Amino acid sequence: MNVRKLTFALLLAAPASPARAQVERLTGRVDEATRAAVVAVVDSSRSAGVPAVPLVNKALEGASKGADGARIVAAVRALAADLGRARAALGPAASDPELVAGGAAVRAGVSPAFIGTLRARYPREPLMVPLAVMADLVARGVPADTAAESVASLMREGVRDADLVAFRQSVERDIALGAPAGGAAAVRLLTGTPTTSTLTPGDNTNRLPRKP
Amino acid sequence: MTGPGDDPLIARLAAELRRAPVARPGFDARVMAAVRRAPASLPSRAWTWLREERTLALSPLGGAAMAAVLAGVVIAGVWGAGRLSPAGSGPAPASPVAAAPSVVTFVLVAPQARSVALAGDFDGWDGSRLPMRRGTAGIWTVNVPLAPGRYDYAFVVDGRRFVADPAAPPATGDDFGRPTSVVTVGGGAARAAGGSL
């Protein structure tokens with residue numbers, strides 16, 4: 001038998017259960033009843049394509065902050081629902097980071113239909129940063145529709161991820177200086193936002209294709 | 001209202017700490033050239049050995065034993081996965097983002113604090129794994145390598161008080177009644193996060 005083939009077969013057959021490894025992280029951090037309830041959520045969400053890592057992280061966050069079991073389980077369930085909606089909108093090929101950002105956008109009030117439209121328009125480009133910027137703008141008080149449309153508008157211009165982050169920072173600065181949140185996003189969209197100066201000329205990493 | 005973060009000197013120091021490091025042009029090329037010049041390491045030689053074709057002679061008994069071990073490993077793997085997910089398989093698993101981690105510098109200005117630690121999705125909200133180092137004028141910092149993604153986090157001051165990062169976006173929703181911030185790490189340059197208490 002060929003050693004290379006044998007090694008390959010062993011690697012393929014190795015027991016790999018990332019979800020189980022994730023759930024093990026709860027041991028000693030939450031009580032048994034809470035752990036069982038979280039495992040049930042992780043288990044049922046898996047069939048919807050929801051990864052275990054963010055759900056377990058949410059439970060650990062609750063444990064660290066001293067929340068009771070019921071509150072932890074409720075938070076994990078809510079997150080699982082958001083991630084499930086994001087998965088349905090982004091499709092089965094979406095990466096975990098993209099999914100987490102999508103879940104945050106959904107929770108912020110961006111409609112899954114809008115996220116689905118974005119995915120249809122950009123089927124192969126990573127949407128993690130655009131979705132994260134949408135959620136961050138809403139968290140600063142920008143209405144969800146305005147945040148979503150602003151980011152989508154910039155994407156149509158073919159901006160880089162770093163430029164979307166610069167846009168968010170500009171809006172945050174304007175809000176901190178007293179501008180109304182919705183108005184700040186609209187004004188920044190009209191007047192432009194500082195582009196990243198650290199990227200070398202001709203670097204087109206993360207650049208989204210310009211679409212009509 | 002004024003705070004330690006409003007002091008211009010402290011603000012300048014904190015801003016400098018938050019600035020992402022930029023490698024000099026050609027640095028990557030010089031490092032890679034040096035790596036190529038270096039003699040092959042033990043792991044490299046081992047990898048070469050593993051990739052070479054070899055013929056392995058097995059007796060029928062040895063072959064049967066090997067098959068039994070393989071079958072056991074497969075069954076254990078399927079059983080382990082199935083125990084967590086009896087509902088069956090869902091859509092194809094998400095592909096991991098293959099990108100090198102970026103080093104993110106977290107900064108908090110807290111002159112009165114006796115200890116500050118970072119807790120977040122990246123350390124299982126442990127609160128003790130990422131202690132921050134106190135610097136000049138009560139500026140606490142810690143560098144954390146993070147893979148691309150979106151992470152919730154908070155500062156833990158004096159071992160018990162959760163403090164959000166005033167310089168970072170707040171997390172959407174308030175699941176546990178304690179402040180939480182968010183950092184998004186893209187696939188490109190390092191990004192800094194931080195604020196003052």
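The largest nonpolar core comprises 96 residues, and Val38(A), Leu55(A), Ala59(A), Val76(A), Ala105(A), Met134(A) and Ala135(A) have the most contacts inside it. Because domain 1 (14-90) and domain 2 (94-212) of chain A both give residues to this core, it lies between them. A nonpolar core is here a set of buried Ala, Val, Leu, Ile, Met, Phe, Trp, Tyr and Cys residues joined through C-beta atoms within 7 Å, and the domain bounds come from an automatic or database domain assignment.

This is a predicted model, in which local features need pLDDT of at least 70 and side-chain atom pairs count only at pLDDT 80 or more, whereas totals for chains, interfaces and linings use all residues. Residues are numbered from 1 along each chain as its sequence is written, and chains are lettered from A and ligands numbered from 1 in the order in which they are written.

Chain A contains eleven helices and zero strands; helices (H or I, at least four residues) and strands (E, at least two) are DSSP runs, numbered from the N terminus. Of its 212 residues, 48% count as buried, a residue being buried if 20 or more other C-beta atoms lie within 10 Å of its own, exposed if 12 or fewer, and partly exposed in between, with C-beta atoms placed from the backbone. Two residues are in contact if their C-beta atoms, placed from the backbone, lie within 7 Å. Among chain A contacts between residues at least 6 apart in sequence, 68% join residues at least 24 apart.

Leu55(A), one of the core residues with the most contacts, touches Val38(A), Val41(A), Val42(A), Ser45(A), Val50(A), Val76(A), Leu79(A) and Ala80(A), leaving aside residues up to four places away in sequence.

Helix 8 (residues 128-139) and helix 10 (residues 161-176) of chain A pack at an angle of about 5°, their axes 9 Å apart. Helix 8 of chain A is therefore roughly parallel to helix 10 of chain A, a term for angles under 35 degrees. On helix 8 of chain A the contact involves Val129(A), Pro130(A), Val133(A), Asp136(A) and Leu137(A), and on helix 10 of chain A it involves Asp161(A), Leu164(A), Val165(A), Arg168(A) and Val171(A).

The model scores ipTM 0.80 and pTM 0.69. Confidence per residue is given as pLDDT, from 0 to 100.

| Chain | Mean pLDDT | Residues with pLDDT of at least 70 |
|---|---|---|
| Chain A | 85 | 82% |
| Chain B | 71 | 51% |

In chain A, pLDDT stays under 50 over residues 8-16 and over residues 195-212. Where pLDDT is low, the predicted coordinates should not be read in detail.

How values were computed: pLDDT is the predictor's confidence in each residue, from 0 to 100. Axes are lines fitted to C-alpha atoms, for helices over the stretch in contact, and angles run from 0 to 180 degrees between N-to-C directions. Angles under 35 degrees count as roughly parallel, over 145 as roughly antiparallel, 65 to 115 as roughly perpendicular and the rest as oblique.
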